[in-house]
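Here is a short report on chain-level and domain-level values. The structure comes first, then the numbers.

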Amino acid sequence: MLLQRVPLGIVTIWIVTMIVFAATQLLPGNAALAVLGKNATPERLAALEKQMGLDQSPVAQYWHWFSGLLQGDPGRSLVNQQTISSLTGPQVLNSAALVVTAGILGTLIGVAVGLVAAVLRDSPLDHALAATALAILSLPEFVIAIFVTVLFSTNVFHWFPAVSALPPGARPWDHVSMLVLPTIVLVIVIAPYVFRMMRAATVEALESEYGEMAGLKGLTKRQVLLRHALPNAVAPTVQAIGLNLLYLAGGIVVVESVYNYPGVGQALYQAILNKDVPTIQFLVTLLAAFYVIVNIITDVLALMATPRRRLQR
Amino acid sequence: MIEPHNPNNAGLSRRTLFRYAGTGLAAAAVASALGACDSSAGAGTTTSTSSPVKGGTLRAGLTGGGAADTLDAALPLNNIDFARGGALYNPLIGMDNDAHGVKALADLIEPSKDAMSWTIRLKDGLTFHNGKPVTADDVLFTLNRVVSNHYGGSSALTQIDMKNAQKVDKLTVKLPCFTPFSILDQALYANAYYLGIVPTDYDPNNPVGTGPFKFESFTPGQQSVFTANRDYWDTAAHVDSLVISNYTDETAQLNALQAQQVDLVNQLSAASVGVARAAGQVLVSKGGGSTPIVMRCDKPPFNDVRVRQALRLVVNRAQLNSVIFEGNATVGNDVFGLWDPDYDTSIPQREQDIDQAKSLLRQAGQSDLKITLVVGDISYGAVQTAQVFADQAKLAGVTVEIQKVTVTDFFGSNFLSWDMSIDAWYYTPYLAMASYTTTPGAPYPETHFSDEKYNSLYQQAIATTDEGARRELSHQMQLIDHNQGGYIIPQFAASIDAAGKSVGGLTASKTGLSFGNFDFKSLWVA
């Protein structure tokens with residue numbers, strides 16, 4: 001399966017780069033205008049467009065970028081002439097730290113609480129959890145962020161920094177306290193999805209005929225849960241976790257903005273604002289690669305967790 | 001799609017998968033729990049800020065910047081570039097907090113009697129951050145660099161014949177003019193942010209200037225760090241270092257101020273004043289910059305002066321001021337150059353007059369006028385002005401359709417030729433502004449206003465070095481602007497900034513630039 005999926009994934013990424021490049025060409029304005037703003041006299045504009053290579057044909061510009069990428073060089077930012085790898089590398093790392101931490105914690109909490117709710121289904125606790133999850137799912141991220149900041153930083157408790165503006169060059173793990181609030185927000189955002197999926201899948205397994213059979217056989221509730229229900233709840237939950245990770249990769253932009261966290265969302269937003277095509281291309285390619293890889297991994301994991309789909313029919 | 005294979009050869013079975021996954025997740029969870037403790041924001045105590053304190057770091061969280069940020073003395077694009085430029089460089093002549101010209105590196109800026117040339121002499125004993133003395137060569141280099149590359153500051157130098165500019169002696173240059181130009185000093189200080197003096201071997205990647213702070217590090221869109229210049233020619237900085245961080249979100253700015261992670265935040269909206277006041281000190285600068293509504297005087301319907309006057313009468317200026325600036329702005333009278341000593345305050349203030357507006361529109365045959373107003377988020381107040389104006393115009397039966405564009409599109413190929421738009425201007429004294437916008441050869445002729453009498457008055461004004469005569473000519477031009485011009489200037493914007501409780505030395509500036517024209521050297525942290 002991998003032999004099929006990997007080349008397909010690479011082709012997908014390549015097509016994405018072409019679509020994104022075409023889209024940037026359709027937008028009005030260019031990076032030279034973005035840099036010059038009100039000072040864009042015709043002479044200055046022409047000079048800068050030439051310097052940026054924007055006077056070349058779109059095909060030549062795309063080829064210049066793509067051939068560079070194949071040689072491992074994503075090129076330079078149009079707007080500040082720094083290499084894209086040195087400029088966005090740290091930001092990609094920062095976002096990755098946030099996504100991984102929030103992804104792991106959100107998953108663990110979602111799975112654990114989902115299991116508890118499934119076991120205690122229809123209890124008052126279960127109802128309370130379901131209502132809370134639903135309420136959280138309906139809140140936009142920035143509202144959660146403001147609430148978390150008011151509670152843990154600015155107004156009630158003064159435990160953590162209110163903004164997470166990592167100094168340039170610093171790694172997120174050098175300033176763990178700065179990761180706390182954005183991580184809490186992202187965990188609050190994603191855990192309800194995992195929770196609901198885990199609870200539903202586990203309840204289904206527990207109430208299935210094989211679950212009942214296992215109980216009738218004399219197994220303890222614990223054994224039924226861990227040996228029979230849990231393994232069968234994993235496949236759908238893995239899919240939910242995968243979706244969450246994909247959501248995090250694109251969706252942290254709001255959280256990065258509220259916490260002034262120098263991540264990939266901010267970088268992409270700036271690049272789009274400045275029509276900085278090589279930077280947009282690089283970041284989108286990276287995100288597309290992440291999507292493809294996460295999809296392949298979740299499919300493989302879900303497959304491994306579903307023995308009957310692996311067997312020859 | 002699913003490739004059949006023997007589960008026994010799978011390498012990683014479901015059980016092993018779960019085992020690995022469980023171990024990994026647990027380890028990661030412990031690691032992040034252990035790590036969650038290092039220095040964080042504590043609530044400090046309020047300290048006295050009345051007398052200057054030496055040392056420490058001043059941390060500013062400023063908006064408006066991005067990946068295109070620059071430290072190049074000639075290429076600043078936005079507020080945050082101005083802030084860094086003000087730290088690193090000095091112009092020949094700048095503005096004080098009353099928005100009046102004040103000599104910086106120059107010790108003499110003087111026109112010849114016929115205004116056909118200017119003599120500029122540097123203060124003696126000035127040095128760059130690298131110890132190199134500042135000379136006439138550096139002045140010529142800086143101005144030539146700006147003019148030959150068509151950089152932003154060149155709009156101040158359109159009348160200067162740089163090819164024939166001469167070095168008179170070590171500290172003095174002589175700049176000849178193409179035509180008489182008696183307002184070069186004005187034009188220079190209005191453009192001071194683009195005209196920081198740099199050395200002849202200037203390298204923007206390792207920028208050297210004469211300013212109160214020296215370059216330490218710079219990451220575009222994120223942060224820049226400066227250290228105090230202890231050999232500064234004027235009063236040196238109180239603090240040892242200055243850190244300017246980019247913020248893109250006002251909520252983040254306010255949170256950072258509340259948590260004492262920054263000392264200064266700028267360009268707040270009126271709605272944030274309450275929160276900012278609770279967190280520290282609010283500084284309101286009644287600036288002379290504006291977000292004027294620009295009408296093209298050469299295109300229908302705006303080529304009819306009655307339509308222009310009607311739209312000016314539609315505006316409820318007090319309401320705009322209160323909605324957008326909580327009453328902190330200064331009401332405008334459709335004439336630019338608010339703080340110019342020659343600004344004519346005797347012209348009666350224009351008030352909303354819907355009946356008169358309707359009557360003018362009827363006379364012009366435009367009773368159910370429909371217009372499109374192009375606006376981008378180019379400055380605080382631009383979009384808000386458009387929205388409130390559109391509402392107010394309804395009262396006179398005028399339908400204003402707002403066309404929102406991005407900043408890049410606004411300044412794109414249609415800039416200066418939109419039929420109706422909202423531009424943004426920093427404070428510029430009257431004649432300098434006229435030289436940029438409303439007179440022949442102006443680099444920003446966005447109103448396409450053309451009036452023979454006006455042009456003749458302008459030519460006389462810039463040809464005379466007699467200040468009294470110039471004032472009289474300037475007043476006559478202002479009256480024409482007020483009665484016929486293509487700008488609606490509902491208000492001169494106030495900028496609302498805030499500082500932490502421990503910051504001292506804060507001064508408002510009529511230039512509208514934050515913190516007394518980004519005068520970081522005069523601030524201290526107690």
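## Domain contact in chain A

In chain A, 13 residues of domain 1 touch 10 residues of domain 2; contact means heavy atoms within 4.5 Å. Domain 1 covers 1-79 + 274-313, and domain 2 covers 90-262. These bounds come from an automatic or database domain assignment.

The C-alpha centres of the two domains of chain A lie 30 Å apart. About 960 Å² is buried between them, with 76% of that from carbon and sulfur atoms. Buried area is the accessible area (1.4 Å probe) that two parts lose on being put together, summed over both.

## Basis of the model

This is a predicted model: local features need pLDDT of at least 70, side-chain atom pairs count only at pLDDT 80 or more, and totals for chains, interfaces and linings use all residues. Residues are numbered from 1 along each chain as its sequence is written, chains are lettered from A and ligands numbered from 1 in the order in which they are written, and side-chain values use heavy atoms, leaving out hydrogens and water.

## Fold of chain B

Chain B holds 15 helices and 21 strands. Both are DSSP runs: helices are H or I with at least four residues, strands are E with at least two. The C-alpha trace of chain B spans about 95 × 65 × 55 Å along its principal axes.

Of the 526 residues in chain B, 57% are buried (under 20% relative accessible area, 1.4 Å probe, protein chains only). Take the contacts in chain B between residues at least 6 apart in sequence: 72% join residues at least 24 apart.

Conventions:
Buried < 20%, exposed > 50% of the residue type's maximum accessible area, 1.4 Å probe, protein only.
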